[in-house]
Amino acid sequence: MAALAATLLFVSLLVFVVVRVLPGDPALIILGLEANADSVARVRRELGLDQPITVQYAHWVTRALSGDLGRSIQYDLPVATLILSRLTVTLPLTLLAAALMIAAAIPLGVYAATHHRRWGDYLTMVLSQLGVAVPGFWAGLLLILLFSVQLGWVQAGGFDGWGQGFWRGVRSLLLPAVALGLFQFAVLARTTRSALLEVLREEYVKTARAKGVAERGVLFRHALRNALIPIVTVAGVQLGQLLAGSIILESVFYLPGLGRLTLAAISARDLPVVQGVVLFVASMIVTVNAAVDILYGILDPRIRYG
Amino acid sequence: MMRLLLAVLIAAFAAAPAVTLAQAPNGLVIQVATEPPGLDLTSNPSSAIAAVVFDNVQEGLIKIDRHGKMVPWLAERWYTSDSKNYTFFLRKGVRFHNGRELKASDVKFALDRAVNPETKHPYRVQYDVIQDVIVKDDYTVTVALKRVDATFLYTVARQGSVIYPREAVDTLKSQPMGTGPFTVAEWVRGDRIVLTKNKDYWVKGLPKLDRVVYRFIPDPNAALAALKAGDIDVSAFGIGPESVDELKKDARFQVIVGDTTNDVTLSMNNSKKPYSDKRVRLAITHAINKEEVLKGAMFGYGKVLGSNVDPTNPYYVDVSKRVGYDPVKAKKLLADAGYPNGFEAVFKVAPQYYYTVRSAEVVSSQLAKVGIRASIQQIEWGQWLSQVFCLAPCTNPDYDMSIIGHAEAFDIGNFANPKYYFRWDSPEFQKLFRASESAPDDKTRRELYVKMQDMLADEAPAVWLYMHPRLVVTKKGVTGIWKDLPLPVLDLSEVAWQK
């Protein structure tokens, strides 16, 4: 718990400093071509940018602890409200991508491992190599060209909101989720394959087979369970990467999620939003990692944390 | 797990027909590249705000129509005897979206607020000329000026002079209210803005659409895909010139190519050697083949320019041949100026505007042929504003050359401002400009504008490369979209689906 808090504090400091050393003064960007010395000074004062950086940081952290992440310069709305509203797109998108990734990668990895050095294995490896090589935004464009432009099955992008119905929501997130999960799917399939291959060579697997345990039982009860530790580790890290990947794919599919919010906030130098989103995403990733650590203990009762 | 997921996916495809916002009856979905930074025309000069609000939600006393002509709008006529006192007669029965009738006191409120330095009006300098706004009666208002100002009526027609009810001044940023053909129904931040028809609009028969959805799609490829997939009906600012030929051949679409006030300008730092030498500036101008730049950067769309005044301006004269492409002459001028072997230079450009980098690439290869070795440095927009455009606290611009589009109409005054980032200080030109601002009649003003254009071409404080074209792609059947843009606006009042 202390490590968790320390990590978050470090992240908050890092993001605060990085955002401030970026070239480009938010006051200039707000005022644009009409700025003069007086108006720049006034806007800087309004934004609190005239205070010493330590004072600014202390203000921000104490407010953030009570859930107040400040106000967006660009939208004039509370940052927390903006994050929550965008989360209704990004969270389902990430979860759908994760579900698709896990549902496709683990069975395929298992299949490849059990068909080691046979055609099925080679095919899986080629597929996953492609998945690693093709960047998500390009895969996204190809998917749009095929499923939206050519076949007309789904819209090319945009999100009409959950108010239009659950299925319509899922439908508009489907292509971006596939594009988003593609790379992670490939990595997870390869990890599953190699982890399982390693376990399948272990003595106790031979013993289980010698005892006459059915192949299905050997595979799922003995081998896969023991291979899960590296798989869960990779999957946990990937969940964080999926969140990060949404920044690009939300632009390709023009989804109003956290990623696009971040991108727009960076170019508009909307510092409270950039800081707020990065802190929020970092907290999510730290939490996921903590959950993965707890999951280790369940998967392997020998692992205990002091 | 696999089966469950498959079932979910199949259900998602089957249960929801591919209906998008585009198919709303008598509605229109428009793609724009940039989400407006708020919706207040009186606080920010952004053209993204104008695209949504100006002439659609809020209107002014005078309107610039699609041909660039000033037409009476909320004022049904105006009158001046001395070019210093303008009396506007308001149209009766015009109502704001809240149902209240527009009165002369609203005009006074809006103009007083523009003059007031506290309100951060983006074009405050242009309102400085206003001495007083006097309400004569409910429908008559007189604006007294400190001096004759030839651009005053244009100031009244521009986006910063829209009239809004004073009781709605606090919500201008998120829920602007006005007298326009549409009202703002919804703004889903980061995704879309929805306008709905103002049923009590004072112009009978308008607007023709019931509903307009603006979708923010910054990526040109995504915009093209959305257009082809039928998700959007119009791409207003987003399709690049490279896609135009392909879309022209596609029977599903119509491509509108028109003129704009956006002059893509190669700026030079006139306060710095060697650009302070007129011979060097002329050499650079002679070294550039603008037709080739237009082909290379814009696939031939747009028009070559010779000065800061573009074809949408009523005083435009073609001076593009005055200092034409002539590399031999360029080399001679460089030698005369003491640079027989040319010199090194850096182009600072902001890739946020795609045409800047493309144009700089073509231009630098042309300059290389006369010995000017120009490298390209891409910098982020915020840096461009502080280094090149030299916004405060910068006091001296830090650049050799740059390229950017200047979209303001009637912005020749920038060259009469020695503090502007070109840093061109010509008392003779400044005198001409001042005379044009206080010209007693249109004929005199036109003559002065012609002189200024000739002088700009001959002195070459910058190189005016080309007018950025207006490129709009719509589905077949969409009518009423403006072909040319005499000012940054996206007027949708007359847009309709062909029956």
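Biologist: Before we start, how are residues, chains and ligands numbered or lettered here?

Modeller: Residues are numbered from 1 along each chain as its sequence is written, while chains are lettered from A and ligands numbered from 1 in the order in which they are written. This is a predicted model, where local features need pLDDT of at least 70 and side-chain atom pairs count only at pLDDT 80 or more, whereas totals for chains, interfaces and linings use all residues.

Biologist: Okay, chain B then. How many helices and strands does chain B have?

Modeller: Chain B has 14 helices and 21 strands, where helices (H or I, at least four residues) and strands (E, at least two) are DSSP runs numbered from the N terminus.

Biologist: And what is the radius of gyration of chain B?

Modeller: Chain B has 25 Å, which agrees with the value near 23 Å that a compact globule of 499 residues would have; the radius is taken over C-alpha atoms, and the globule rule is 2.2 Å times the number of residues to the power 0.38. Along its principal axes, the C-alpha trace of chain B spans about 75 × 70 × 40 Å.

Biologist: What share of its residues count as buried?

Modeller: Of the 499 residues of chain B, 47% count as buried, a term that needs 20 or more other C-beta atoms within 10 Å of the residue's own, with 12 or fewer counting as exposed and anything in between as partly exposed, and with C-beta atoms placed from the backbone.

Biologist: Let's turn to the sheets. What is the strand order in the open sheet of seven strands?

Modeller: The order is β8-β9-β10-β1-β11-β19-β12 in chain B, and the pairing is mixed; two strands pair if DSSP finds at least two bridges between them. Its edge strands, each pairing on one side only, are β8 (182–188) and β12 (253–258) of chain B. From one strand to the next, the twist averages 20°, with axes being lines fitted to C-alpha atoms (for helices over the stretch in contact) and angles running from 0 to 180 degrees between N-to-C directions.

Biologist: What about β18(B), buried or exposed?

Modeller: Six of the six residues of β18(B), residues 462–467, are buried, so the strand is largely enclosed by the rest of the structure. Strand β13(B), residues 263–268, pairs with β18(B) in the antiparallel sense over five bridges, and Thr265(B) stands opposite Trp464(B). Strand β14(B), residues 303–304, also pairs with β18(B) in the antiparallel sense, over two bridges, with Val304(B) opposite Tyr466(B).

Biologist: Which elements do the buried residues of α6(B) pack against?

Modeller: They pack against α7 (136–150) and α10 (215–252) of chain A together with β1 (27–32), β11 (234–237) and β19 of chain B. Seven of the nine residues of α6(B), residues 220–228, are buried, so this helix is largely enclosed by the rest of the structure. Just after α6(B), Gly230(B) takes a positive phi of about 85°.

Biologist: You mentioned α10(A), so at what angle does α8(A) pack with it?

Modeller: Helix α8(A), residues 166–200, and α10(A) pack at an angle of about 160°, with their axes 9 Å apart. That makes α8(A) roughly antiparallel to α10(A), a label for angles over 145 degrees, with under 35 being roughly parallel, 65 to 115 roughly perpendicular and the rest oblique.

Biologist: Last one, how far apart are Val61(A) and Leu239(A)?

Modeller: Val61(A) and Leu239(A) are 178 residues apart in sequence and 26 Å apart in space, C-alpha to C-alpha. Val61(A) lies in helix α4(A), residues 53–65, and counts as partly exposed because it has 15 C-beta neighbours inside 10 Å.

Notes: Contact = placed C-beta atoms within 7 Å.
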